[in-house]
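This report looks at a few features of one protein model. The sequence and the structure come first, and the description follows.

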Amino acid sequence: MIAFLAIIRLVLSGKDESQVKKTANKGPSFRLWTFPVLVDGPFGVVTAAEMIGVILFSVYIIWAVIMYSIRSVDRLSSLHVQDMKEKSAMLLELTGRRFGFIGLTCLAFLFIPVARGSVLLRAIDIPFEHATRYHVWLGHTTMALFSLHGLFYVIGWAMRGCLVEELIEWKNVGIAHLPGVISLAAGLLMWVTSLPGVRRKKFELFLYTHQLYVVFVVFLALHVGDFIFMMVGAGIFLFMLDRFLRFFQSRKTVDILSATCFPCGTIELVLSKPANLHYNALGWIFLQIRELSWLQWHPFSVSSSPLDGKHHVAILIKVLGDWTEKLKGHILNLSVEQPEMEPLLLHNRILTASVEGPYGHESPYHLTYENLILVAGGIGISPFLAILSDILHRINDSRHCLPRNILIVWAIKNSDELPLLETIEMEAICPLYSDKLNLEIQTFVTRESQPSLEEGKRAKTMHTSISPGFSGCRMSSLAGTGNVVWSGLYVIISTIGLVIIVALLDIFYINPFNVTYWWYKGLLLIGCMAASVVIFGGLVIALWHLWERKTSLKEEPEDTTKKVDMLQQHEASLQKNLEEARSVNTIRYGERPDFQEIFGSHAKSWGSVDIGVIVCGPPTLQSSVAKECRRQNLQRRGHQAIFHFNSHSFDL
């Protein structure tokens, strides 16, 4: 029901810019969502609003444990058990049962943050890259409670001398133990491989082991039956809807219109998309290259503004691991072979991409600040190129746009990363933009004490590029963050379908045949959920797909030609863009950003205003920026500026 209300809210809010306009308040003010409270430690940067949520949730768990323990002791006293061993075993089992119940409460929310296009997250404007950390916190809490649940039962059964018999017991009426053991084992495997040390060193092991969530959920339903499983069923059902929609979107191949390899080890891909697929400048996509792997999906932030063009989206990829090394090698091989190959042979050797998304913020919050400080580390400059392009387009088109003062602080290791600034054509987007926008870029080259290349030499070895061309394959608009009406119908009709299937099953099967087995009814409920997603949700997806094809046919045939011409012009103007970027770029070699000096000086020059700080980079950079934002705010006096911390980094 909350999801239904969220859909109504999203439809009524539409695509207007009222949220941007209403933030133009009279003076600076604190906001719980952007005030960092914790900046160090295992939780990363935690804002005041997140801290309040964590405290309330922790208080509930502690209160529930205490109250259930008191109730268990009272119940045990009423049974008048004399044997101390039997009494201790019963107390352990009762306590374990309560831990299981509290764990189910956490599990009810566990799947919601990882439903990437969830209407719940969209309604409160929490993008999935932020919500994943809530999934991590809930996951640790849930598995800790379930582990205590199982441990207390195991100890109690061992004290009674019936451990093996209880572990393999599969009751028809009541809780079935063996499915619970299997579910807990799958959960423990996911939990162990998701610990930070294992996840960083063996990411693929973490990723593939996490697919055991199917075993975990199915055997949990067998363990507790349909009635208790309904406590967690809503969140799991919304996740199933999201996963089914993502599956259909990712089946479609997408044209890579161009691929550029920069000498710093960064790749720019330009992907084809339909005009009716909208995204935010702070959006993300998941990318799969089938020539490299059919299993691996990697998240990348978009580096192009939605106003750059209706039919393409660009991303920047830093070459860091095996997958990105293979991608770079594939592009370099194609760039060597391309001039000598026949078009038909070349077409068979181009990269084949599949895409999920775009996902991200529902509203463009970067437009709600008149003053922006964008802090990037290395490839973290990617989303800020999209932000800058978006702002320039809006100023040029006289659309409502608050930002007028922008400072970009960019920390890079080597100067060969500087050409990444050339991917944005500032003068071409907004001629004489300096009259309307105060833009300053401070670049810190940390591992070089002086320029390593002369300007002319760097221009000659700038990049390697290929343009495979356009064959008509665009990204699918079947995205959870796409058309609000269609995504809303998908959720509503699938839910109504679930109610219908469950009602028919009760009327024509469960009641006439007197089905009473708990585990069997739990399995039937899981089957009903899957059937409603496939049948009713599949029907909506089919209609959505037909609508997508119909609207795409209305696009002008010359759009493809225009896109190819635009890419050629983009290639021709890269050097001009680099010179343009240098005109506003102050490069400092052998230094690291002094955030205290940078933030303090700009707070004085900009006056009593709200300053939006967006950081994209490694955790250490986020922590340093958040610490300085907190320090500046706590030491604020009178009418000084207020710094609002925002993070745009994705980390599983």
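## A salt bridge within one helix

The model is predicted. R394 and D390 both belong to helix α14 (residues 382-396), where they are 4 residues apart, a separation of about one helical turn. These two residues form a salt bridge, with 3.3 Å between the closest N and O atoms.

Are R394 and D390 buried or exposed? R394 has a relative accessible area of 9%, so it is buried. D390 has a relative accessibility of 2% and counts as buried too, because the cut-off for this class is under 20%.

## Salt bridges between helices

Across the whole structure, a search finds 11 salt bridges. Side chains of opposite charge can pair when their charged atoms come close. In one case, the side chains of R133 and E50 meet at 3.0 Å, N to O. R133 lies in helix α6 (residues 128-160) and E50 in helix α3 (residues 48-79), so this pair ties together parts that are 83 residues apart in sequence. R133 is partly exposed, with a relative accessible area of 21%, whereas E50 is buried at 9%.

Another salt bridge joins R160 and E93, whose closest N and O atoms are 3.4 Å apart. R160 is in helix α6 and E93 is in helix α4 (residues 84-110), so the pair links parts that are 67 residues apart in sequence. At 34% relative accessibility R160 is partly exposed, while E93, at 12%, is buried.

## An open sheet

Four strands form an open sheet: it has 4 strands in the order β3-β9-β6-β7, and their pairing is antiparallel. β3 (253-254) and β7 are at the edges with a single partner strand each, so one side of each has no neighbour in the sheet.

Strands of a sheet pair through backbone hydrogen bonds, either parallel or antiparallel. β3 and β9 (residues 353-360) run antiparallel and are joined by 2 bridges. The residue of β9 that is the bridge partner of V254 is A353.

## A buried serine in a loop

Where does S304 lie? S304 is in the loop between β7 (298-301) and β8 (312-318). With a relative accessibility of 4%, S304 counts as buried.

Which residues does S304 touch, leaving aside those up to four places away in sequence? They are Y279, V313, A314 and A386. The side chain of S304 makes a polar contact of 3.1 Å with the side chain of Y279. A polar atom of the S304 side chain also lies 2.9 Å from the backbone nitrogen of A314.

Methods. Residues numbered from 1 in each chain as written. Predicted model: local features only at pLDDT ≥ 70, side-chain atom pairs only at ≥ 80, totals over all residues. Heavy atoms only, no water. Buried < 20%, exposed > 50% of the residue type's maximum accessible area, 1.4 Å probe, protein only. Polar contact = N/O pair within 3.5 Å; in protein donor to acceptor, adjacent residues only side chain to side chain. Contact = heavy atoms within 4.5 Å. Pairing = 2+ DSSP bridges. Salt bridge = Lys/Arg side-chain N within 4 Å of Asp/Glu carboxyl O.
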